[in-house]
Number of protein chains: 2
Amino acid sequence: MSLLFKNLRVHQVFGANTDVGKTLLTSALVRASATKHERVFYLKPVSTGPMQDADDEHVKRYIGANKDRLHAACLYRFSEPLSPHLAVQLEADKEQTEIPVPSDETFGSAVASHIRQNASGAPSYSHMYVETAGGIHSPSLSGTTQADAYRPLFLPTILIGDSRLGGISSTISAYESLMLRGYIVDCILLFKDEYYRNGEYLAPYFAEKQINVATFDPPPPRHSDPSANFDLTERYYQSLVPPTQEGSIFNVLSHLDACHSRRLEELESMPRRTLDTIWWPFVQHGHVKGEQDVNVIDSAFGDFFSVYNGHRSKRTKKSLLEPQFDGSASWWTQALGHANPALTTAAARAAGRYGHVMFPQATHLPALNLAERLVKDGPGKDWASRAFFSDDGSTGMEIALKMALRAYAIKQSPPLDMANRKELGVLGLKGSYHGDTIGAMDACEEGVYTCEWHNAKGYWFDPPYVGIRKGKVHITVPESIALQSEGSVNGDALQSLSQVYDVKQRLDTPLASVYRTFVSQTLDRLQKKESPALAALVLEPIVLGAGGMIFVDPLFQRILVDLVREAEPSKTLPVIFDEVFVGLYRLGMETSGPLLGVHPDISVHAKILTGGLLPLAVTLASDETFQAFLSENKTDALLHGHSYTAHPVGCEVANETLNMLQKVVCGDEWKEAQERWSGAGDTDSPRVFSLWDQGFVEAISHLAPVKEVMTLGTLLVIKTQDDSGGYRSNSAQALLKPVVAALNEESPNAFGMHFRTLGNVAYFMTSLNSPSKTIRAVEDRIWSALSNAHS
Amino acid sequence: MSLLFKNLRVHQVFGANTDVGKTLLTSALVRASATKHERVFYLKPVSTGPMQDADDEHVKRYIGANKDRLHAACLYRFSEPLSPHLAVQLEADKEQTEIPVPSDETFGSAVASHIRQNASGAPSYSHMYVETAGGIHSPSLSGTTQADAYRPLFLPTILIGDSRLGGISSTISAYESLMLRGYIVDCILLFKDEYYRNGEYLAPYFAEKQINVATFDPPPPRHSDPSANFDLTERYYQSLVPPTQEGSIFNVLSHLDACHSRRLEELESMPRRTLDTIWWPFVQHGHVKGEQDVNVIDSAFGDFFSVYNGHRSKRTKKSLLEPQFDGSASWWTQALGHANPALTTAAARAAGRYGHVMFPQATHLPALNLAERLVKDGPGKDWASRAFFSDDGSTGMEIALKMALRAYAIKQSPPLDMANRKELGVLGLKGSYHGDTIGAMDACEEGVYTCEWHNAKGYWFDPPYVGIRKGKVHITVPESIALQSEGSVNGDALQSLSQVYDVKQRLDTPLASVYRTFVSQTLDRLQKKESPALAALVLEPIVLGAGGMIFVDPLFQRILVDLVREAEPSKTLPVIFDEVFVGLYRLGMETSGPLLGVHPDISVHAKILTGGLLPLAVTLASDETFQAFLSENKTDALLHGHSYTAHPVGCEVANETLNMLQKVVCGDEWKEAQERWSGAGDTDSPRVFSLWDQGFVEAISHLAPVKEVMTLGTLLVIKTQDDSGGYRSNSAQALLKPVVAALNEESPNAFGMHFRTLGNVAYFMTSLNSPSKTIRAVEDRIWSALSNAHS
């Protein structure tokens with residue numbers, strides 16, 4: 001919802017406190033702009049207190065006298081000089097009526113709409129000042145503090161500092177609160193005070209931060225005679241805004257104009273500069289045709305990026321920024337929305353207490369609390385004993401592999417020597433992906449992601465998978481397995497997703513026998529071949545992510561785990577669950593163990609772990625795994641570590657995330673989604689559910705261009721009919737292209753959408769706390785694109 | 001310097017603003033404590049304004065009447081009601097004398113000393129309240145804001161909120177500023193106000209953050225008659241602190257006591273809990289004998305950890321927290337000191353503006369600015385064209401290797417097929433280390449760090465290296481090379497480090513010829529062997545870090561680079577500089593290219609990149625390297641990426657770091673160090689220098705237990721005489737054990753030291769901005785340990 005216009009330069013004005021001269025200095029800015037510019041807009045979204053003092057009188061008269069080019073507006077007015085959240089309540093009490101308190105969204109839309117309307121008719125070099133009420137954290141009408149309530153608009157900011165005793169403190173604190181929300185602060189204005197001299201302190205303090213501080217003579221003391229007072233005030237205004245168009249206020253004006261121009265130039269330059277300097281991950285730069293292919297993200301909030309569009313279409317009247325739904329949850333990381341203040345504060349708290357501190361043989365609260373939480377009351381519950389930290393899913397998997405290989409090697413008798421350990425392989429599924437470092441890649445078969453040094457070490461099964469076709473749940477069994485079946489692979493008997501994921505019930509089905517026989521025979525065959533000896537079972541439970549969002553039949557994974565554990569103790573394989581993508585409620589469940597009915601020996605977690613803010617990974621291990629590295633020899637230890645292992649900022653953010661997730665998954669939106677899925681044909685208490693609407697999912701599965709769809713938790717996967725191209729295919733991208741562009745700006749579905757495809761597979765992913773309203777709007781956009789392609 | 005006592009519960013009191021009732025509510029707490037506890041201390045480190053109002057009068061009288069158990073003190077008193085930084089100046093002006101303004105360090109020491117003295121005699125369950133002056137960011141005597149000035153003491157905090165109009169805002173902002181500095185806020189106290197009702201808003205707001213909010217009746221209006229006023233005030237105090245010992249203030253007291261107890265219990269429990277849950281990197285848990293082996297880091301500031309010592313010695317009178325010098329710069333990451341507020345703010349700013357956002361085919365300012373800075377005006381200057389982001393040095397090196405192997409493979413004619421690409425090897429040095437992921441390890445020879453799947457791919461030279469023995473600079477040439485020399489390997493001709501590092505001058509020396517002949521012949525021999533074909537030269541320039549802090553003769557590295565580039569174009573090897581450890585001024589220079597006189601084709605940077613706050617890495621590449629991945633095929637792209645690639649928080653912190661580094665390396669401390677080294681025998685403008693004192697370095701090189709020392713920039717390396725054990729040796733750890741424990745608490749060298757060893761090598765590393773005073777103190781401690789071992 002954030003806005004930026006070429007012609008209309010908008011600034012919002014925050015106060016370091018109440019009564020610091022916000023209205024007065026904003027009025028002075030309005031006057032100064034009016035003397036210089038074609039049109040000036042003065043928006044006070046919320047006003048509290050009686051219109052009675054000289055300042056207001058002046059503003060009113062001045063506006064009256066300059067109607068042709070000066071437009072003032074107030075969206076919500078209250079007569080009590082109270083914090084807006086109380087003023088609106090009081091008004092309601094007085095009127096004995098229910099005044100509906102506008103939500104932050106309604107409020108934000110009203111302000112945005114007002115700005116947009118005025119911008120559309122504004123001649124070049126118009127100005128708008130949006131004056132907030134009270135201090136920066138004074139509650140808005142809904143009770144959210146203003147710094148938070150205005151954040152989605154992301155307007156450049158003028159901070160009015162406090163010139164009184166204590167004002168240095170309140171000005172710096174207010175600035176820091178604005179920083180915590182990412183605001184661009186263009187300047188700080190305050191009154192001069194010869195005794196407290198706050199400006200003298202603040203000017204160099206903020207110069208260090210490249211922020212201008214300007215000071216102004218304070219207003220004259222109030223005169224007891226109203227008319228004399230009016231004249232005094234008028235004279236004061238004229239001294240602030242002299243007809244010569246010189247002095248501080250005009251310098252500020254020039255500075256604000258320069259900031260606006262610089263911001264426009266900066267955004268305009270970003271695509272070119274990016275194409276000149278950046279080497280993107282997973283991007284064929286040969287396909288990037290020009291500046292229009294660069295997605296310029298100016299800021300982000302909640303489920304949306306705010307992207308620049310000036311390099312894609314010439315816009316003079318419309319906003320150069322537009323909302324874009326983050327349809328891949330920023331590569332599967334987002335859980336609580338972009339720029340979540342609670343996560344920012346958690347990061348700041350740990351940075352302020354520790355920075356980063358050395359971890360080997362040390363401890364600190366953020367890491368310890370996180371480890372305990374994960375091991376004892378999280379995905380490691382009931383099986384894990386230790387947490388080993390690293391930086392990302394790929395490093396977490398390298399650690400997991402080192403753990404598993406060692407655990408297997410030393411339980412052989414005699415323990416394998418180093419030469420034999422190099423030859424160990426893993427058992428897995430075709431289409432697996434565990435990250436891009438060589439070790440993580442070596443645990444996968446050869447494929448599109450593998451590279452020069454890749455050396456596939458192991459054996460990978462072609463997995464059966466789950467999907468919804470023409471409204472029906474199907475299990476597709478690969479030919480290799482089907483050949484064994486004698487007609488018993490019929491997945492049609494499974495009416496609902498909950499039945500598919502009721503693994504325990506399915507253990508006695510004919511299909512289970514087919515799987516069991518097939519896997520056993522394959523393992524026997526592999527064992528006879530001897531090389532490479534298999535030393536671990538490595539699975540992405542439930543969904544193979546980067547390999548094509550394949551929903552593996554959970555029964556097959558369960559049987560794999562059971563069978564590798566049935567051997568004599570020295571031959572059982574350690575089981576690694578790579579839950580980097582699927583874990584921590586991405587698919588609606590904290591971890592996949594309970595669903596599959598088996599726990600791993602080692603599991604890896606990342607992405608959502610930090611709520612989507614910054615890199616951190618953890619590898620959880622059973623006690624048996626840990627014991628495999630214990631000895632009196634230093635060199636037997638797990639000699640793996642990254643400099644920032646268990647960095648306090650990441651751990652503290654993860655702790656905050658886990659606390660917040662608990663609330664989200666027990667909250668109304670999740671309950672409603674669960675009820676929708678159980679009400680719509682699933683069992684009373686569904687084992688699985690989705691934040692996506694069941695009716696929508698089934699409906700799109702009937703559309704002609706769609707081969708199959710599937711959903712769990714936050715994930716929606718749409719496979720197009722074009723099955724040929726695999727990762728190289730462009731069909732999903734082409735089919736869904738209509739959702740990319742933003743629509744007419746005033747519709748609630750106005751946003752554009754950013755999404756990723758994997759060849760002929762398109763997927764969409766929400767945050768864990770995405771409002772259902774947003775998800776419904778996204779569904780509408782997808783539906784339009786698919787059904788229009790259909791017709 | 002942070003303090004925590006078993007018997008004496010200390011809280012500091014910050015105000016959300018001036019005039020919010022800080023003194024009054026602190027006095028009430030003092031009174032309440034006095035009625036309950038054996039002894040109460042009321043410390044007002046700085047007091048400004050006349051002692052005249054009723055509050056102060058009451059405090060004075062109450063203290064007078066309770067002398068036996070109530071001790072009040074003020075360290076700096078000024079009569080003007082001004083911000084302390086102005087009050088101290090005004091005093092100086094009045095007295096016409098130079099009143100020396102105490103530095104933050106002096107001020108902190110005075111407060112700490114006062115607390116320590118009183119704690120030493122305090123009976124159990126004594127209390128101390130430390131009342132700050134003005135608002136939380138009001139300037140201290142030195143001008144630093146109070147929130148920053150008190151930060152090293154890291155005392156648990158009571159925040160006095162603001163009950164007036166606007167007070168919600170100032171209270172929340174003040175709290176956020178405290179968070180940014182990591183403070184533990186135990187509760188918020190404020191007056192009730194029936195009209196503004198701030199408490200009603202703040203209580204649930206802070207309950208979400210697990211912070212208690214307590215409200216109190218406001219003081220009565222001032223009576224014009226002083227005596228009546230006194231009585232009124234006394235009655236008010238008695239209502240706040242009734243003899244029944246019931247009511248809000250006593251609830252607060254219990255809460256503060258509970259917080260104190262919980263903090264003690266938490267610290268006491270941490271070693272045990274850590275031993276039960278954490279799997280440390282690079283630690284043989286079999287060597288960890290018990291709780292005393294766990295370093296409990298409670299917080300950190302500047303160059304010091306604040307560590308808990310209660311599990312190592314029983315302390316009732318002394319502080320349970322003690323300073324510990326971070327002697328490995330937290331695994332080589334620290335550049336600007338722990339908990340640097342500028343880095344915290346940078347992290348918060350980016351988290352608030354973006355959170356994390358998707359990077360492929362996208363751009364955002366923090367990443368773009370950082371890429372440009374690194375490529376055009378940083379280590380990539382004059383050669384790099386692109387920046388590829390990742391998470392740590394290890395992933396950065398995996399990317400570098402993928403780049404180099406591809407660049408080599410496709411310039412062969414015909415380009416190598418995939419099978420041949422798997423067999424490519426690298427050329428490097430024995431003792432190299434590039435990280436712990438398998439690909440990075442495969443670029444190193446077999447060694448202590450390598451593991452199950454390691455497969456050394458390449459050839460590694462035994463490198464000549466530089467060291468100082470008995471005050472003289474030596475180059476130790478390995479036997480393999482020396483055999484070729486016919487007497488020309490005499491390094492003694494080099495008198496100073498600057499001569500050793502004047503690579504250009506040395507290119508014509510006999511030693512250069514020896515190196516050149518040896519390397520050429522080896523390369524010829526390797527080429528004849530054919531397998532593995534070498535496809536890249538991979539170097540840690542100047543110093544091999546984890547391999548034993550080996551200062552490689554830079555001449556040898558230069559000649560290696562020259563020779564691999566002398567072949568016909570298709571056979572030249574891409575050169576990778578792994579500058580993860582050595583770069584960004586760790587060794588005094590931004591990058592090693594200018595010193596060696598050659599640029600790489602690919603370089604990797606991490607660690608210092610974020611100033612030591614959180615993980616981020618970047619791989620820089622030449623345009624030729626980038627071109628090797630361009631095509632019309634998606635699968636030819638560099639298909640490598642981590643979810644948090646170019647995360648805005650990391651990039652913004654890196655940008656802030658690079659700005660700050662520029663100031664540090666041009667600052668006085670660095671200039672003085674450079675002058676010391678040039679004055680002490682080196683050339684006028686030394687090519688290399690150290691923050692360690694040249695006299696000290698030479699002196700310890702003469703000591704009996706020391707075999708060799710070496711230093712550059714922030715790094716000091718001490719090799720013990722025990723050469724046998726290598727990585728398994730414990731000799732360096734044993735020799736320097738005396739520096740571990742903290743000394744007598746009142747000495748300036750009181751701190752303990754945390755340092756790391758690599759077998760018989762001990763190393764010490766400062767931040768880039770460590771004050772020379774601290775470094776001298778560290779040198780003293782090292783000197784004592786080594787010279788006592790000597791005697």
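**Exercise 1.** Decide how enclosed strand β23 of chain A is.

*Solution.* Start with the terms. Strands (E, at least two residues) and helices (H or I, at least four) are DSSP runs, numbered from the N terminus. A residue is buried if 20 or more other C-beta atoms lie within 10 Å of its own, exposed if 12 or fewer, and partly exposed in between; C-beta atoms are placed from the backbone. Now apply the rule. β23(A) covers residues 706–712, and six of its seven residues are buried, so the rest of the structure largely encloses this strand.

This is a predicted model: local features need pLDDT of at least 70, side-chain atom pairs count only at pLDDT 80 or more, and totals for chains, interfaces and linings use all residues. Residues are numbered from 1 along each chain as its sequence is written, while chains are lettered from A and ligands numbered from 1 in the order in which they are written.

**Exercise 2.** Find the strand joined to β23(A), and describe the turn.

*Solution.* Strands pair if DSSP finds at least two bridges between them. β23(A) has six bridges to β24(A), residues 715–720, and the two run antiparallel. Take one bridge: A:V706 is partnered with A:T720. Then look at the hairpin. Two residues lie between the strands, and A:G713 has a positive phi near 55°.

**Exercise 3.** Is A:S306 buried or exposed, and what does it touch?

*Solution.* Locate A:S306: strand β9 of chain A, residues 304–308. Count next. A:S306 is buried because it has 26 C-beta neighbours inside 10 Å. Two residues are in contact if their C-beta atoms, placed from the backbone, lie within 7 Å. Leaving aside neighbours within four places in sequence, the contacts of A:S306 include A:S2, A:F154 and A:L321.

**Exercise 4.** Describe where chains A and B meet.

*Solution.* Each side first: 138 residues come from chain A and 138 residues from chain B. Sort the chain A side by class: 60 nonpolar, 52 polar and 26 charged residues. Here Ala, Val, Leu, Ile, Met, Phe, Trp, Tyr, Cys and Pro count as nonpolar, Asp, Glu, Lys and Arg as charged, and the others, Gly among them, as polar. Finish with strands. β11 of chain A (residues 362–363) runs parallel to β8 of chain B (residues 295–301), joined by two bridges. In one of them, A:A362 partners B:N295.
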